[in-house]
Amino acid sequence: MRPTLDQPITFPRGPQWHNRFALAPLTNHQSNADGTLGDDELTFLAKRADGGFGLVMTCAAHVQKGGQGFPGQLGVWSDDHLPGLTRLAAAIRAGGSVSSVQLQHSGERSSAALTGEDVVAPFDRPDRGVRALTTAEVEQLVADFIAAAVRCETAGFDGVELHGAHGYMLCEFLHEERNRRTDRYGGSYENRTRIYHEVIDGIRAATGPQFQLGVRVSPEKYGYGFGDALRFAGELLGGGKLDYLDMSLWDSFKEPDEEPFHGKRLIDWFGQLPRGETRLGVAGKIFSTAEAVDCLSSGADFVFVGRGAILHHDFPRRALADPAFVSATFPVTSAYLASEGVGAAFVNYLATGWKNYVAD
Ligand SMILES: Cc1cc2nc3c(=O)[nH]c(=O)nc-3n(C[C@H](O)[C@H](O)[C@H](O)COP(=O)(O)O)c2cc1C
């Protein structure tokens, strides 16, 4: 029997969620220049907790000052961020949701203009002004991911998710052609995936036994083959260290780009991977109750909703009430977005960073 959307979900560690809907991490530019929490970011996330999400995840939050990729990005790299993080965790909990911070470093996509620091990645890209991390700097990065997780736990968050997707720092380590490092973090599959395991093990050792830990990964497009993506997802799902794997599919219902893997949709490939108690969540074009049901029927344990949750703060409540529910579609007006708790900076990001999202 496959689970239903309204069923609570349990994990090896941490609290159960009251349903199968998770708010996908959404960069929103609504925090302060120093990384401290902005009021609009708090409002946006608290409204999604009130709207019925089992899990509310923050945007990608940078674990080192130099890893900032966006203006108004939430920071988790300093104890100065603790008061805001503490308010945020409390507001999400008050709305009835379990809370998580997405831990990120922008890697080669960091902004020197914002940080005033070198742009670093696992490899050099001199044409883009990107410098390869030294081995000692990789070790420091691992330590800073772990310190950020501990900071989130101190603030009262139920868990964290590692942003290992979309071509940011962790994902850059997976790049087969570019990551030719000769230390233990480059070259072979084992070396390219090593940093994930070191961060996971470190967070497990440094946080309490009920701290919920997930990892987000991408299935294709970032310099490794679909076969490796399946292997890595299988390893993370079967390894027993994680509470959930978050597959960022962008379109859960398309087939893989690589021809040998045609014939099954992305959701089917990942939904069929064996797992113990570790749960599988998927994100990508889930805009209706029927699409969410399809994902659970195809093997996911829960769904992440991104754009649908910008459009409807109460997407879960609507989807659970109506089997025929279909989300509104972009473009929408800024007044509509404001009524859904989207602040001015986020409206501006949607209008300028994405195509055809804001109508006025
Ligand atoms: C405005 C916007 C901001 C996003 N920010 C993040 C982010 O901070 N971290 C991340 O992992 N994914 C981010 N994503 C991807 C979403 O989490 C999600 O995986 C993607 O939008 C697909 O889900 P959807 O079709 O339900 O929107 C972002 C997407 C959008 C539209």
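**Chatting through some helices**

User: Hi! How far apart are the end C-alpha atoms of helix α4, and what span should its 21 residues give?

Analyst: Hello! This is a predicted model. At 1.5 Å a residue, the 21 residues of α4 (residues 135-155) should span 30 Å, and the end C-alpha atoms are 30 Å apart, so the two agree.

User: Nice. Which residues of α4 are buried?

Analyst: Among them are Val138, Leu141, Val142, Phe145 and Ile146. Asp144 and Arg151 are on that list too.

User: And what do the buried residues of α4 pack against?

Analyst: They pack against the helices α2 (82-94), α5 (169-173) and α6 (189-206), and against the strands β3 (98-104) and β6 (159-164).

User: What follows α4?

Analyst: Gly156 does, and its phi is positive, near 105 degrees.

User: Switching topic: at what angle do α1 and α2 cross?

Analyst: The axes of α1 (residues 39-50) and α2 cross at roughly 20 degrees and come within 8 Å. Angles under 35 degrees count as roughly parallel, so α1 and α2 are roughly parallel to each other.

User: Which residues make that contact?

Analyst: From α1, Asp39, Leu42, Leu45, Ala46 and Ala49; from α2, Arg87, Leu88, Ala91 and Ile92. They divide into seven nonpolar, no polar and two charged.

User: Last one: is Ala319 buried or exposed?

Analyst: Ala319 is buried, because its relative accessible area is 2%, and buried means under 20%. Ala319 is found in helix α11 (residues 315-321).

User: What does Ala319 touch?

Analyst: Leaving out residues up to four places away in sequence, Ala319 touches Phe21, Thr289 and Phe325.

Note on methods:
Residues are numbered from 1 along each chain as its sequence is written. This is a predicted model: local features need pLDDT of at least 70, side-chain atom pairs count only at pLDDT 80 or more; totals for chains, interfaces and linings use all residues. Side-chain values use heavy atoms; hydrogens and water are left out. Helices (H or I, at least four residues) and strands (E, at least two) are DSSP runs, numbered from the N terminus. The expected span of a helix is 1.5 Å times one less than its number of residues. Buried means under 20% relative accessible area, exposed over 50%, partly exposed in between (1.4 Å probe, protein chains only). Contact means heavy atoms within 4.5 Å. Axes are lines fitted to C-alpha atoms, for helices over the stretch in contact, and angles run from 0 to 180 degrees between N-to-C directions. Angles under 35 degrees count as roughly parallel, over 145 as roughly antiparallel, 65 to 115 as roughly perpendicular and the rest as oblique. Ala, Val, Leu, Ile, Met, Phe, Trp, Tyr, Cys and Pro count as nonpolar, Asp, Glu, Lys and Arg as charged, and the others, Gly among them, as polar.
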